[in-house]
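Here is a friendly tour of one protein chain. Please keep the structure open beside you as you read.

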Amino acid sequence: MICPNCGSSETNLDKGYFSPNLYEGYSYLSTILKTKDDLLKFRDGQSECICKNCGIVFLSPWLSISQRNEIFNKQKRVHNSGWVGLENSLMGSSRLKLQHVAYTLLNRAIAKLDQRGLVVTKYAEFNCPFSGPRLYTFSQTYSFTARLTALKNSVFKGNETSFSSSIEKFFLRLNFFIFRILIVLKYLRISVNKSDEKVKIHNFLENSDLIVANSSCFWSGNCVRFNSTCTGLSNSLLFKEVVHVGAASKLYDLIFASNVLDHVDNPTSIVETLLGFSKALVVQVHTKRSIGYQHLYALNSGFFNKLASRFEVINLGIINSANGYSEQGFLLIKMK
Ligand SMILES: [Zn+2]
């Protein structure tokens with residue numbers, strides 16, 4: 001197998017680590033494979049492969065970009081992780097487990113950078129607007145009512161002009177009204193044993209940007225509610241600017257990538273690109289090798305160790321999160 005990340009042919013099939021999650025694209029695969037037997041053969045023949053050159057773990061057989069586009073954008077297009085995070089943020093930071101881990105990793109990274117004399121003032125997050133520390137601090141900064149109002153303003157800001165039909169407008173407002181009632185009910189239910197700690201809000205988070213890159217297996221544009229994609233919404237709600245990775249003109253001190261690097265087509269080249277305009281990068285990943293829904297790669301210490309010849313790589317450790325998921329971080333610093 002040729003490594004889809006770095007192109008090396010030095011790869012090892014690892015039958016012991018089979019993860020069955022690519023069947024998410026089942027209905028599509030069943031159209032390209034002739035019989036059910038073929039489908040099962042594909043499924044059972046699929047294994048994880050480790051690249052000896054770049055250390056990445058990937059699925060074999062590998063799917064082409066057009067196949068991935070078909071699976072992740074058409075057959076299984078709904079993936080509202082971002083919106084679910086946003087919904088949880090309305091109810092308080094105690095609901096944001098993934099983002100809480102991100103926030104803790106961020107603080108560990110800041111301490112490491114501080115030891116090296118690096119102060120973070122220009123900060124950005126990468127690809128998912130609602131998985132990282134920025135959302136966590138948003139839920140800490142404002143009251144429940146203020147958060148809900150901010151979301152309402154963001155949802156309607158973009159749509160008032162683009163929506164021509166008054167019927168559509170009516171249903172959008174009705175949907176949002178129902179959403180608000182449900183959120184208030186949920187909020188009241190959990191507020192009984194709500195125990196939000198007050199955390200330090202770093203000033204740079206208020207002025208952060210979102211860097212985005214295209215990918216054939218990332219939900220971004222498919223994470224939609226109220227006719228708003230999460231990326232489109234993030235601009236008015238949490239971030240100063242949304243910048244495409246190819247058009248970045250500012251220099252950043254730190255970029256945070258929470259659970260998104262395993263969703264891009266070429267993780268190594270994205271790391272290199274981001275560290276081309278940022279002094280440091282934090283990557284939050286799963287500790288388990290869980291190549292799953294829209295995760296065609298697994299990134300773990302093997303992958304980051306390979307980057308250590310070009311960047312200073314610091315393992316930020318593992319944080320015990322309640323769901324045992326996405327709890328590990330690595331800090332990469334550009335070498336002088
Ligand atoms: Zn490789």
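## Confidence, sheet and core

Confidence in this predicted model is lowest in helix α1 (residues 26–32), with a mean of 60, and highest in β9, at 97. The score is pLDDT, the predictor's confidence in each residue on a scale from 0 to 100. Over the chain pLDDT averages 81, and 76% of the residues score at least 70. Residues 18–24 stay under 50, and the model has 15 contacts for them beyond four places in sequence. A contact here joins two residues whose C-beta atoms, placed from the backbone, lie within 7 Å.

Two notes on conventions: residues are numbered from 1 along each chain as its sequence is written. As this is a predicted model, local features need pLDDT of at least 70 and side-chain atom pairs count only at pLDDT 80 or more, while totals for chains, interfaces and linings use all residues.

The chain has 12 helices and 13 strands; these are DSSP runs numbered from the N terminus, helices being H or I of at least four residues and strands E of at least two.

Now to the sheet. It is open and mixed, with 7 strands in the order β8-β5-β4-β9-β10-β13-β12, where two strands pair if DSSP finds at least two bridges between them. β8 and β12 are at the edges with a single partner strand each, so one side of each has no neighbour in the sheet. From one strand to the next, the twist averages 25°. Helix α11 packs on this sheet, and its direction makes about 145° with that of β10. Such angles run from 0 to 180 degrees between N-to-C directions, with axes fitted to C-alpha atoms, for helices over the stretch in contact. The elements involved in this packing are listed here.

| Element | Residues |
|---|---|
| α11 | 267–274 |
| β9 | 252–258 |
| β10 | 278–285 |
| β13 | 328–334 |

α11 also touches β4. Strand β4 (residues 123–126) runs parallel to β5 (residues 209–212), joined by 3 bridges, and A124 has D209 as its bridge partner in β5.

Which residues touch the most other members of the largest nonpolar core? They are I255, L281, V282 and L332, in a core of 73 residues. A nonpolar core is a set of buried Ala, Val, Leu, Ile, Met, Phe, Trp, Tyr and Cys residues joined through C-beta atoms within 7 Å; buried means 20 or more other C-beta atoms within 10 Å of a residue's own. Helix α5 (residues 97–115) gives the most to this core, 9 residues.

Definitions and conventions:
Buried ≥ 20, exposed ≤ 12 C-beta atoms within 10 Å, placed from the backbone.
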